[in-house]
Amino acid sequence: MSLTQYIFWFLSFLALMSSLMVVFTKNAVYSVLSLIITFFAIAGHYLLLNAQFLAAVHIIVYAGAIMVLFLYVIMMLNQNKDAEPNKHPYLMIISVIAGGLLMLTLVGTIKGAELPGSTIVDAQVGTIEKLGQVLFTDFLLPFEVSSILFLAAMVGAVYLSKNKLQS
Amino acid sequence: MEQLVKLIPLFPLISFAIIALMNRRLSKPQAAVIACIGVLLSFIDSAVVFQSQLQSFHPVEVKVFDWIIAGNFNASFSFLVDPLSSIFLMVITGVGFLIHLFSVGYMKDDDGMRRFFAYLNLFIFFMLVLVLGNNFLVMFIGWEGVGFCSFMLIGFWYKDNKNNDAAKKAFVMNRIGDLGFLIAMCLIFFNFGSLNYSTLFSPGFLAESSVSTETLTLITFCLFVGAMGKSAQIPLYTWLPDAMAGPTPVSALIHAATMVTAGIYMVARTNVMFSLTPDTMTLVSIIGIATALLGAVIGLFQNDIKKVLAYSTVSQLGLMFVALGVGAYTAAVFHVVTHAFFKALLFLGSGSVIHAMGGEQDIRVMGGLKKKLPITYLTFLIGTLAISGIPPLAGFFSKDQILSEAFAHNKILFALGLLVSLMTAFYMFRLFFLTFHGSFRGTHDQEHHLHESPMNMTLPLIVLAVCAAFAGFIGVPHVIGEGLGLHNLFESYLSPVLGVSSSHIEASVEWMLMGLTTVLIVMVILYARHLFVSKNYVPESDSHMKGSFKKLAYGKFYVDEFYNKVFTQPLDKISLFLEKGIDIPVIDGMVRGIGKLTQGLASIARKIQTGNTGYYAIAFVFAILLLFIFFI
Amino acid sequence: MQNLHGIPINYYVILSTALFCVGALGVMLRRNAIIIFMCVELMLNAVNLLLVAFSSYFGDSQAQVFVFFIMAVAAAEVAVGLAILIMIFRNAGTSDTDVLTKLKW
Amino acid sequence: MLTLLLILLPLISGFILLLTGSKNARQIALVLSLIEFGLALFALSTLKSGAVESLNYNIPWIPNMGISFHLGMDGISMLMVLLSTMLMPLIVFASFNKTYNNAHTLYALMMLMQSAMVGSFVAMDGFLFYIFWEVSLIPIFFIILMWGGENRQKTTFKFFIYTLFGSLFMLVALIYLYLHTANHSFDIQALYAAGRSLPLVEQGLIMGAFFLAFAIKMPVFPFHTWQPSTYVAAPTPGVMVLGGVMSKMATYGLIRWVLPMVPDGVHEYGYLIIGLSVVSIIYASCIAIIQKDFKYLIAYASIAHIGLISAGIFAMNMQSLQGSLMEMMSHGINTVGLFFAYDIIYNRMHTSEMSKLGGIRGVESRFAFLFFIIVLSNIALPFTNGFIGEFLLLLGVFQTNMVAASFAGLSIILGAVYMLRAFQKMMLGETNSLTLHFPKLEKQELITLCIIVILIVVMGVYPKPILEITESSIQTLLQGIQ
């Protein structure tokens, strides 16, 4: 077993555990923190997969921006305590069964599927240069349009979360 | 000639239109004059036409305009003048004119006088259309039209709902008959492809057509149902006595002289068909004699002067149907003519009496009017004698003809007919004696008020009395005619249309029958005189009525009540049941039920929509699972 | 291939499936709308991971561009979503989805 | 082109009215509808002169689905167009005695209805017919909803859903036929050909589906329950259009879309519908007898008359079809007349409960006289238009089914019973404290009534011109069937 494999197993374990923590901790703040750990683990996977640029963006966007936003909202809504009661136990059981079944089916399906082995090896795929090239040639228009999306999201978020101006 | 025929119904129509449109702008006398002139012109016109028909047999057909054309169905609005219709024309316009004249005096104090004359004119118009039509559909126009006018005139005093009820009853009962007529028309068209008399009754047409006797019987039966309604035969006779709610001239014109004889006219017109269907003929004579008997029996016990006359009309119409039933069409038409004269006379006479009595119609409070109303008395006497069948007045000849034909056909029919004549004589003289003889039994006010009617009312009485006295001579029976050198003009005039009666009885037998009837009738009259004049018997008041049969007959055998119980009320109940028991709960219930069902299902289904996103998520996942399981 | 050697792509597939299912479980199980939202993000990331894995294994950078866009959309989504959450909280006084059941019938 | 104009003109009129505001709306509406009537008369003269082709208008609409904007007129359509264009000015004029809120909207909606109704009478394309058929529902829905009386929400809802439900069956049948056409076309001739080539049972089913749609609209027992309540809830102009013209869309539809489409089916199963119609006649007549409210009575009487029309159509012979068209014409006029009489009474007395009225004849005899003629026409007295239709219908039905005709004939007795009863209760008898103050007729009301009465009498005395319009078209239709 090589180092990368060790790293892979470690990161996978970390991601799964922390994601379970997200689901099962009572405290919302702990959930957020666990989610950050998950994101870091996923970023590690990205690095393993030679996608350095995405790893960087992932850390910046998710861990840096989104999770801060979450934390901030939790703080603002004052939800940093174990206030959340459990769902009805039957419902919990059913949910777990549903989730488990989903897992089983998906895995079962994928097992049956014929996946092509990894053939082409190109370490340059995830580099900034390569991505930049694709992004600013083939995907130039969507890239530019996404700025409009951000603008819309920004206006929407501001409008929605502001106090009513009048009255 | 053709123009003249077209003009006959046009005159009354024009005068109707003038009166109806001008209405209040005309003064009452103006309206009356216009109405009378309209009918008078029509009468003169009819007389000219009649005169030309007398010369020789030449039916005239006049097309006025195309009416209903649909594919091979073609009914034009056309007239036909032949001996049969010309006789009716004369009676309608002649008697009609006299009654118009009478009404001028009778109605002069009534607010609705203009209206009255308008309706009368319209009635004359429709009646003329009825007899002039050259096909069944035009007859039907007149048929329904006179029914409508009768409705308007019975309910003339519309403020009293009793009159309106009577009018409605008359109309609806007539409608029942009309349905029969309508179905008969459909049958005729279906089987023969035409409604024209000239086609249908052309010699040999019916015999050569491949239509079975059963169908013909059905046709004639349906026609007869129509006649039943219009001519007040059992079971549709009850409207006629009620129709006396209208003004008396109306009763004279519509419910005695003309409209009610439309049924006779119709059967006489279709005699070719009836002659081919002996079953219907038998039915006609049975219904006829039954009606005659029933009318006479009820007439014996009535105390309302107009009711007596009404039941007498029912009974006489029955006799006419007996004549039709035994195939003596001429006799029936002859009786129509004489009956028109003496019954109109009697009704107008009663109108004069009622006028003098200030609206009172109960003969129990009359009496001794002889001195106060001499002309009315005299003319009424002639009428009464005529209807009783005393020779040589008109009634004698026509009634005798019917009875002898009946005798030739069936002895029982004759016996019953004779019985009817005797009863007729009795109740008519009972009426006559109670009204005019003895001493006055009314209140003092009424006695003070008594007066003879003015000239314009008595003149029609006199003319009609003359007719009632002498009209019989146009149809003198052969046995008498041979001796006197008189020919039976009536029969020979009508024979091209109605044929000659085939039944022949020995001259000696006929003489005997005549003698027998006359003697019996005279005896009955004498008995009536004995009872009502010598013994001064007056019918007891309603509450003291004794004898169950008497009560039964006085109550008109409670046929109205029976009909009410058996037809009217159940119809209402059925209707109520249909609405409240079926329409609202069942049929609308089904509609509402479907709505409710959808709503109910939806309200169950919407429970799934909890609003809780957790549930949705679970459902979502399960749905994905299902998709996976089904598709992979 | 040195970074990837010894790790079949199936592992990545299963890993991201597992992450996805955990996220879905969280959506089903939790009542707090914020946590549910976070779980949705987790599911999104699971997919991202799979995309990147396939991209690397097959040497196609387009998938990574996809991920890039997904991230952009996710960022926008989070911004708007959280704004909505704040609004709901302000109006209803709670972010508990068992209480927020007005959206029905 | 003329035909297209007949549809467009009321449409444009509607928009004009919407723009003008409510001040002079009714006058404008009257003028516009009279122009439309004039146009229809012009079309009639064109038809009479034999230039049938110039009334045709055919352009592709949705070509890849075989749908064309195909309009055309023969005698049958012509008569119906005449009926609706003639009644519309009359209805508008009749509504002058009352001021409605937002009058311009009301009249605009009426014009839109006019457009849709004329459209459905001249449409020669299945899809187009269906569109017009459904579109006509929308204005009347709003008319009742906005100007109706009590319970209008509920009744309009029921009316709308009910008729819509029925038309879906028609749509299904149309699509089924469409799929059987040679090259997938909704054109009427193609649909005829498709319908006639179907096996017997399928023809019967198609007939049933169409009949369901039409029966609900006519209405025929047992699909009639929406009608009385809707009639009662609707405002007078609305109910006049509804009873006078809209129900004729259904009967017209039977003649145009069912008889030639599935003739064998009609031959085989038509007796079922004749039976249903006869039941409808007797049933509605019986219920009419005991109605206490005059408007309900008119509603049920209308069902009875329509039943006779439907029986006549399915009897499928010259007399019955001529009779049914004649009766449609006269029923339209008479219904408008009856509702107008109702309106006059209701506006004055604020009740239409018959037992509360009485003796109006003594106060206003002109009204009583004119009203009575309308009543007479309803009970089919000769020399009124009602008689021509009913007689021909009975004659025609009789040739196909004697028993049915005999039972249908009962309507002339029952009709007399309920109509005369109603007339007696309201008009005759002693004047009571309510009717004592029955105001005299306005000039406008008198004129309207006179027009109706003149139409009734003229059509009754001389129906030949009207019968001539349809004669040859029906002949063609019947030849096509045999």
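**Close-up views of a predicted model**

View 1. Strands β1(D) and β2(D) form a hairpin in which four residues lie between them, and D:Gly66, placed in the turn, has a positive phi of about 70 degrees. The two strands, β1 with residues 57–62 and β2 with residues 67–71 of chain D, pair in the antiparallel sense over five bridges. For a reader who wishes to follow one pairing in detail, D:Pro60 has D:Ser68 of β2(D) as its bridge partner.

**View 2. Two helices of chain B, α2 (residues 28–55) and α4 (residues 113–132), whose axes come within 9 Å.** The axes of these helices cross at roughly 10 degrees, and because angles under 35 degrees count as roughly parallel, α2(B) is described as roughly parallel to α4(B). On the side of α2(B), the contact is made by B:Lys28, B:Ala31, B:Ala32, B:Ala35, B:Gly38, B:Val39 and B:Ser42, while α4(B) contributes B:Met113, B:Arg114, B:Phe117, B:Leu120, B:Asn121 and B:Ile124. Taken by class, the contact of α2(B) with α4(B) has eight nonpolar, three polar and two charged residues.

**View 3. The interface of chain A with chain C, where 70 residues of chain A are in contact with 62 residues of chain C.** The elements of chain A that give two or more residues to the side touching chain C are α1 (3–24), α2 (28–48), α3 (52–77), α4 (89–112), α5 (128–137) and α6 (140–161). The largest share of this side, 11 residues, comes from α3(A). By class, the side of chain A that touches chain C has 48 nonpolar residues, together with 18 polar and four charged ones.

**View 4. The two domains of chain A, with domain 1 spanning 1–86 and domain 2 spanning 123–167.** The contact takes six residues from domain 1 of chain A and six residues from domain 2 of chain A. On the side of domain 1 that touches domain 2, the residues divide into four nonpolar and two polar, with no charged residue.

**View 5. The interface of chain B with chain D, where 40 residues of chain B are in contact with 41 residues of chain D.** At least two residues of the side of chain B that touches chain D are supplied by each of β1 (60–70), α5 (136–154), α6 (161–192) and α26 (559–605) of chain B. It is α6(B) that gives the most to this side, with 14 residues. The residues of the side of chain B that touches chain D divide into 24 nonpolar, six polar and 10 charged.

Note on methods
Residues are numbered from 1 along each chain as its sequence is written. Chains are lettered from A and ligands numbered from 1 in the order in which they are written. This is a predicted model: local features need pLDDT of at least 70, side-chain atom pairs count only at pLDDT 80 or more; totals for chains, interfaces and linings use all residues. Two residues are in contact if their C-beta atoms, placed from the backbone, lie within 7 Å. Ala, Val, Leu, Ile, Met, Phe, Trp, Tyr, Cys and Pro count as nonpolar, Asp, Glu, Lys and Arg as charged, and the others, Gly among them, as polar. Axes are lines fitted to C-alpha atoms, for helices over the stretch in contact, and angles run from 0 to 180 degrees between N-to-C directions. Angles under 35 degrees count as roughly parallel, over 145 as roughly antiparallel, 65 to 115 as roughly perpendicular and the rest as oblique. Two strands pair if DSSP finds at least two bridges between them. Domain bounds come from an automatic or database domain assignment.
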